[in-house]
Amino acid sequence: MKLKQFLITLKSYTAIGLITLVFLEIAFQFSSLKPLQNLSGFNNLYKVSDRDKFGDSACGSYWWKSQFIKRYESDRGLIRDARLHDTHTTRGWTPRPNLSVTIDNIKYTTNQQGHRALKDYKPNPEQYTVLVVGDSYTFGIDTDDSFLWTNLLQAKDQRLNIINLGVGGYGLDQIYITLKETIKTYQPDLVIAAFISDDIFRMRFDFRDYKKPILKIKGDELIVKNTPIGSLEETYQEIKRELKWTTIPVLKLDDVVYNLSISCREVNYQLPSKVFLEMQEIARQEKADFLLTYLASNPEVENPNHTSYGEKVFRQFILENEVNSLNTRPYFLAGNKAGKNYSGGHYQKSESILVRDIIYDKIKDSKSFQTFIADRVSPSP
């Protein structure tokens with residue numbers, strides 16, 4: 001009798017559960033109808049049941065992968081414009097060489113090595129070589145050649161040889177890999193690792209604008225995973241197969257479950273700290289100075305009360321380690337207080353001039369630069 005009663009109860013609860021799921025599915029389906037999306041209750045249901053509209057969608061790799069599929073199928077290529085980037089087997093993507101294109105009235109020029117620069121790189125022992133690795137704030141997405149802070153730095157002092165290896169969309173993991181793979185080629189006197197807060201968060205992803213490497217700590221070593229990275233067509237086919245099994249067509253409840261499982265949790269401090277230490281050690285082994293540079297971005301440029309995880313990580317790291325560092329944020333805040341009106345998007349002329357000037361002052365004050373100049377007869381800038 002007890003077993004029979006249990007089975008009856010189980011059937012009842014199962015029926016109630018199924019009816020509830022059907023009711024919820026109907027509600028979510030109705031919420032996708034445009035006339036109902038203007039009603040607040042249905043609008044909230046619509047957002048939580050749509051993988052593109054959900055507020056935290058960009059914290060999950062599905063959103064980035066689906067955006068890539070749409071870009072590829074519409075022949076828009078990688079990151080903003082098909083003309084700017086090529087795929088890269090270990091870093092994901094990299095700027096195309098020998099570019100001279102205008103996109104949205106913004107001139108982009110790269111040299112034959114693929115650096116965002118107005119001239120080709122040539123080694124010159126009579127110049128102080130500065131290797132800059134970073135993201136879009138260094139590459140200069142939305143920034144004209146004439147306003148790019150690395151170009152302005154190069155123009156300010158011809159005793160410098162600036163190599164800009166910044167790439168739009170890079171995370172701190174890709175910045176690290178770029179330095180590791182290129183430093184022996186360029187043998188710089190100084191390495192500038194320039195990053196923004198979001199670069200740390202990007203280390204969560206195995207796919208962002210495109211498939212990318214990820215870093216893991218194993219023992220005391222950084223291990224690179226998710227490579228090699230294939231061509232656009234190979235990656236397109238790979239992601240199409242993957243997404244085929246991560247969503248059920250038409251059904252909305254699976255989208256709700258996925259959206260509610262997304263986490264926007266930041267990367268544990270241990271990983272970026274290890275990356276900073278490794279970059280500093282890479283520079284030291286090649287007898288180069290190292291400057292860890294925090295580039296202020298978004299609300300932290302304009303709002304003194306804003307706190308970002310990236311700046312917290314930066315501050316903690318420089319407190320715990322002996323490292324040459326530069327935080328640009330206090331300079332932006334002081335400038336805005338004085339009426340400069342710096343904004344937090346990708347740097348334009350005024351922001352780039354400020355970054356150029358404070359980094360140039362840092363270079364001029366460095367012992368290695370002073371020694372370099374003392375050993376040579378060189379005209380003043």
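Biologist: Which ring does the charged end of R204 sit over?

Modeller: R204 sits over the ring of F205, with its charged end 5.8 Å from the ring centre. The rule asks for NZ of Lys or CZ of Arg within 6 Å of the ring centre and within 35 degrees of the ring normal. The charged end of R116 also sits over a ring, that of F139, 5.3 Å from its centre.

Biologist: What should I know about the model itself?

Modeller: This is a predicted model, where local features need pLDDT of at least 70, side-chain atom pairs count only at pLDDT 80 or more, and totals for chains, interfaces and linings use all residues. Residues are numbered from 1 along each chain as its sequence is written, and side-chain values use heavy atoms, with hydrogens and water left out.

Biologist: Why is the pair of Y121 and Y186 called edge-to-face?

Modeller: Rings of Phe, Tyr and Trp (its six-membered ring) pair if their centres lie within 6.5 Å; planes under 30 degrees apart are stacked, over 60 edge-to-face, and the rest tilted. The centres of Y121 and Y186 are 4.9 Å apart and their planes stand at 85 degrees, so the pair is edge-to-face. Y121 lies in the loop between β4 (106–109) and β5 (128–133), while Y186 is in helix α7 (residues 172–186), 65 residues apart. Those element names come from DSSP runs, numbered from the N terminus: helices are H or I with at least four residues, strands E with at least two.

Biologist: How many aromatic pairs are there, and which residues form one aromatic cluster?

Modeller: The count is 21 aromatic pairs. F68, Y72, F207, Y210 and Y236 form one cluster.

Biologist: What makes D145 and R116 a salt bridge?

Modeller: A salt bridge needs a side-chain nitrogen of Lys or Arg within 4 Å of a carboxyl oxygen of Asp or Glu. For D145 and R116, the closest N and O atoms are 2.9 Å apart. D145 is in the loop between α5 (136–139) and α6 (149–156), and R116 is in the loop between β4 and β5. The whole structure has 23 salt bridges.

Biologist: Is D145 buried or exposed?

Modeller: Buried means under 20% relative accessible area, exposed over 50%, and partly exposed in between (1.4 Å probe, protein chains only). D145 has 6%, so it counts as buried. R116 has 1%, so it is buried too.

Biologist: How do you know that E126 and R376 meet in a salt bridge?

Modeller: Their N to O distance is 3.8 Å. E126 lies in the loop between β4 and β5 and R376 in the segment after α16 (367–374), so the pair ties together parts 250 residues apart in sequence. R376 has 26% relative accessibility, so it counts as partly exposed.

Biologist: What is the N to O distance for R329 and E311?

Modeller: It is 2.8 Å, and the two side chains meet in a salt bridge. R329 lies in helix α14 (residues 329–337) and E311 in helix α13 (residues 309–320), so the pair ties together parts 18 residues apart in sequence. R329 is at 6%, so it counts as buried. E311 is at 5%, so it counts as buried.

Biologist: Which residues are linked in a network of salt bridges?

Modeller: D198, D199, R202, R208 and D209 are linked in such a network.
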